[in-house]
Amino acid sequence: QVQLVESGGGLVQAGGSLRLSCAASGGTFSMYTLGWFRQAPGKEREFVARITWNGGSTYYADSLKGRFTISRDNAKNTLYLQMNSLKPEDTAIYYCAPVQGSSPLFPDYWGQGTQVTVSS
């Protein structure tokens, strides 16, 4: 089973940008459709975006279209999430995971995530 480690979060002002990374090891990274999820304080984890194994198709949560871009580099075993025009409501812990549709493929396994905080 692939292990995923998220990084790149931080504190940013509203309107700013961040690029999250998700480094994979221990499995066949390129075989999975991968996704990003986020969990804000007091809320359930929600789907953000996904990308197919070869990067040929992407899908986003409706509320995030146009601001977030998911990409991957299979040669580097790394998944990315470029986040632009950030809003305070984007504040959350962001996680990456293999997905099936918009759900995690292994729902009992999550990495430590990376904290994104957007100040107003």
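Colleague: Are Cys 22 and Cys 96 buried or exposed?
Modeller: Both Cys 22 and Cys 96 are buried. Keep in mind that this is a predicted model.

Colleague: Okay. How far apart are the sulfur atoms of Cys 22 and Cys 96?
Modeller: They sit 2.0 Å apart, and the two residues form a disulfide. The count for the model comes to 1 disulfide.

Colleague: Which parts does the pair tie together?
Modeller: Cys 22 lies in strand β3, residues 18-25, and Cys 96 in strand β9, residues 92-100, so the pair ties together parts that are 74 residues apart in sequence.

Colleague: And why is the disulfide called right-handed?
Modeller: Because the torsion about the S-S bond of Cys 22 and Cys 96 is about 70 degrees.

Colleague: Switching to charges: how many salt bridges turn up in the whole structure?
Modeller: The search finds 3 salt bridges. Arg 38, Glu 46, Arg 67 and Asp 90 are linked in a network of them.

Colleague: Nice. What is the N to O distance for Arg 38 and Glu 46?
Modeller: Their side chains meet at 2.6 Å, N to O. Arg 38 is buried at 8% relative accessibility, whereas Glu 46 is partly exposed at 38%.

Colleague: How close do the N and O atoms of Asp 90 and Arg 38 come?
Modeller: The closest N and O atoms of that salt bridge are 2.9 Å apart. It links distant parts of the chain: Asp 90 is in the loop between β8 (78-83) and β9, and Arg 38 is in strand β4, 52 residues apart.

Colleague: Why does Asp 90 count as buried?
Modeller: Its relative accessibility is 1%, and buried means under 20%.

Colleague: Then where is Arg 67, the other salt-bridge partner of Asp 90?
Modeller: For Asp 90 and Arg 67 the closest N and O atoms are 2.7 Å apart. Arg 67 is in the loop between β6 (58-60) and β7 (68-73), 23 residues from Asp 90. Both Asp 90 and Arg 67 are buried.

Colleague: New topic, Gly 26. Where is its place?
Modeller: Gly 26 is in the loop between β3 and β4, which spans 34-39. With a relative accessible area of 56%, Gly 26 is exposed.

Colleague: What is Gly 26 in contact with, leaving aside neighbours within four places in sequence?
Modeller: Gln 1, Val 2 and Gln 3.

Colleague: And how far is Gly 26 from Gly 66 in space?
Modeller: They are 33 Å apart, C-alpha to C-alpha, and 40 residues apart in sequence.

Methods:
Residues are numbered from 1 along each chain as its sequence is written. This is a predicted model: local features need pLDDT of at least 70, side-chain atom pairs count only at pLDDT 80 or more; totals for chains, interfaces and linings use all residues. Side-chain values use heavy atoms; hydrogens and water are left out. A disulfide is a pair of cysteine sulfur atoms within 2.5 Å. Helices (H or I, at least four residues) and strands (E, at least two) are DSSP runs, numbered from the N terminus. Buried means under 20% relative accessible area, exposed over 50%, partly exposed in between (1.4 Å probe, protein chains only). Contact means heavy atoms within 4.5 Å. A salt bridge is a side-chain nitrogen of Lys or Arg within 4 Å of a carboxyl oxygen of Asp or Glu.
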